[in-house]
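Subject: Structure handover

Hello,

Here is the structure for you to look over. My notes follow below it.

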Amino acid sequence: MMKPSSDPLRLQSHEWDIVIAGGGNAALCAAIEGAEAGAKVLILEAAPEVYRGGNSRHTRNFRCMHHGPLGPLVGTYDEDEFWQDLLRVTKGETDEDLARHCIRMSAECLPWMQAHGVRFQPSLAGTLSLDRTNAFFLGGGKALVNAYYLTAQDLGVTVAYDAQVRHVAIDGKRATHLEVEIAGQRIDIAAKAFVLAAGGFQADLDWLARAWGPAARNFLIRGTPYNRGVVLKDMQDQDAQMVGDPTQCHAVAIDGRAPKYDGGIVTRLDCVPFSIVVNKDAKRFYDEGEDVWPKRYAIWGRLVAAQPDQVAYSIIDSRSIDLFMPSVYPPVAADSIGELAVKLGLPAAELAETVAGFNAACRPGRFHPQELDGVATEGLEPAKTNWARPIAEPPFYAYALRPGVTFTYLGLKVDRTARVSGPDGPYDNIWSAGEMMAGSILGQGYMAGTGMTIGTVFGRIAGQEAAKHVA
Amino acid sequence: MSLDVSLQTDPGAISDDPVIEARRQIEICNACRYCEGFCSVFPAITRDKVFTDGDVTQLANLCHNCRGCYYACQYTAPHEFDLNLPAALAAARVESWERFAWPAGLAHLFQTRGEALAVALVAGCALLFALIAMLPGEGAGFYAWLSHGAMVAIFLPAFLLPLLAIALGLRRYWQEVGGRPVAVADLVAAFGSAARLKNLSGGQGQGCNFEKEDRYSDARRHAHHAVMYGFLLCFAATCVATILHYGFAMKAPYGFWSLPKLLGVPGGVLLVLGCAGMLALRSRADPALGAPGRSSAERAFIWLLGFVGLTGLLLYALRDTWLTGPMLALHLGSVLAFFLLTPYSKMAHGFYRLAALVREAQIVRTSAAADRSEA
């Protein structure tokens, strides 16, 4: 078991080669690479030990380029296909040079991960479509984080938990030390090189509200409450070069009853395509059947965020209750639409009218849950273009939806060597990795497993480069 | 296409009832599924969307308490979902053994109170001391202290009655989990899994997370193997000796190079080492991940089993000395206590675990057949 060096004064007086702000996947990859190159490494993890690992602890897989079967991956996923996929989800909001570099490097990361304690498993039940592109971690991201902490410990890396980096002290082009708060005590920690891998700002609701508007206070945060963007903001204030839209975050629609933070994967809801979704006025607002759910779930966070009170309700009937992955929350059930409206606190007459209008617009057709079946409404606004089957067979079920924020796009601009740039060009001794610089590559949208790819590739690069610098 | 969602629980509603609490945690696991590769429990969970009491009992008995899922879990305390699946399934599991046991009260007593097992051991030994003192011996070796006829008269019922109680319990188990007639293939699969303790392998042979927290280790699998195979060797030695006695008129004592000794001595050594290993590992493992309130009786059971092995070895080592009589009393007394407590002590886990593995093999086989007929 890793014992954090709890004595801040000893941390302060130690001569560190590399100090890493952050304790997730990218930070750990950097720490392991640095320590393997012989550097004395300190990890400053803002979370307590039980919550270490940032958002990495909620992840489940890693997207990886490969030619032929590799680890748990089947077939081939080459650079160009990976790049085209990335281009499609980001709609061009990406840096091709950096992205292609990341894609190419991903291939050698998988064996490196295995060599450093990460175990993979075959694609999970219900995720077969990813078995060529995404390697799943045995036990998920927390198991990966645990494995890396053990490897880092074996390599002599020191970890301080509850260690919040408040300020990166920079003199010209060189960082000199970090101002850190550990257990309520402010100390300065000097080092020869610094890796910033402390995530985005999605857990800071005030910042989200400033960027997005007051509606953001009703958002749920799917991951760690410790990604508050303190280091990011500090670097921004010191005129470091930034990338990514500062006002945007990635949000999906999740169960409205989910915890405010850290709900993770289980709060996901997969019933939208088989349902009608209404807002608090019991009005529909978007085509629920536009595409298969894996291609559409990401837009629904934004759609729900635009509704009054940032809430919506997905309503199905008994014929659809067994068509999707189980939700962790039981549905609200009722024998009539009127009763359902009462239970949800929706205006009953309006909901009855919406459902009746939808049902009347449905046309006969062969309903097929696994493919775009073309069973669409006629003369309804907004239309439902697939799986439009009347909501008619009681009992009726409903799930509340709210936007769940996964990550933010604002980040530090880095080059291929993961080095951060200030107002006058690259800093001498500051590197960044993970969510904190991912906006360069993922400027918009999201693609499963890409965050872990960026974190692993640039975490390793940052660690190697920092070690070279101090050697 | 309907589903009884009324069985679903609120993920935040932590319950004191072992079955309801296990169901709550299983439902959270089913919405996550990250642990699918660790053991048989998680693939079994993904086959259903809601879980009846029988489903929970089956999953609880399928779990080998390897703890891999706990250390990998993003929802353990202080998270509000407060997941601890190894403990939740262990609680539902021991509760099911108490429910299935006949008479049930005995199971509760001997699964919760370590001192009750100690009292049973002392009583068993005292009885044997008394019988050895009262009854005449006949023949050579330990038979000079207690005759073969007397031993059979004591141990035949002491062996068969607990087996009957176990059989009753297993029948109740089978009814509750909805078991079907057993095919040979199911038995082959179940015994194969038990023989390798496949479900303690971590899914990839890296071992479990019993005594080293999030670091994998095979120590528990090895210790359990020693106990299990040591016990089976000892049991085989007894069976072989019975066959030699009745079938070939070859009576104890047997020399070192005889079949009973060649099976029994290594068996006893393995049993003693295995029990010592299990106790050492338990002392390092986190009790909060095991069956709540069962620690003392589980430890006492390992001591009892180890004592059976140790006294058996000593009985052999001290043969032809004046200590044969007292050692015989201690050994047979502990064997008597062990036999009689089998349906009510931790020993019962072996039978229910095997039944769960048979049922799991059965479900896998029949659902594969259903897939084929659909395709």
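A word on terms: helices (H or I, at least four residues) and strands (E, at least two) are DSSP runs, numbered from the N terminus. This is a predicted model, where local features need pLDDT of at least 70, side-chain atom pairs count only at pLDDT 80 or more, and totals for chains, interfaces and linings use all residues. Residues are numbered from 1 along each chain as its sequence is written, while chains are lettered from A and ligands numbered from 1 in the order in which they are written.

Backbone, chain A. A:K91 sits in the loop between α3 (79-90) and α4 (96-115). Its phi is positive, near 50 degrees, and A:K91 is not a glycine. A:K91 is exposed, with 10 other C-beta atoms within 10 Å. The cut-offs: buried is 20 or more other C-beta atoms within 10 Å of the residue's own, exposed is 12 or fewer, partly exposed is in between, and C-beta atoms are placed from the backbone.

A:D162 also has a positive phi, about 55 degrees, without being a glycine. A:D162 is in the loop between β6 (158-160) and β7 (163-171). It has 19 C-beta neighbours inside 10 Å, so A:D162 counts as partly exposed.

Cis peptides. The bond from A:E381 to A:P382 is cis, with omega near -10 degrees. A:P382 lies in the loop between α10 (348-361) and β16 (396-408) of chain A. In chain B, B:A252 and B:P253 are joined by a cis bond with omega about 0 degrees. B:P253 is in the loop between α10 (219-247) and α11 (259-284) of chain B. For context, most residues other than glycine have a negative phi, and most peptide bonds are trans.

Chain B overall. It has 14 helices and zero strands. The radius of gyration (over C-alpha atoms) is 22 Å, close to the 21 Å from the globule rule (2.2 Å times the number of residues to the power 0.38) for 375 residues. Chain B is therefore as compact as a globular protein of that length. The C-alpha trace spans about 70 × 45 × 40 Å along its principal axes. Buried residues make up 49% of the 375 residues in chain B.

Which residues of α7(B) meet α13(B)? Among them are B:L117, B:A120 and B:L121, counting two residues as in contact if their C-beta atoms, placed from the backbone, lie within 7 Å.

Best regards
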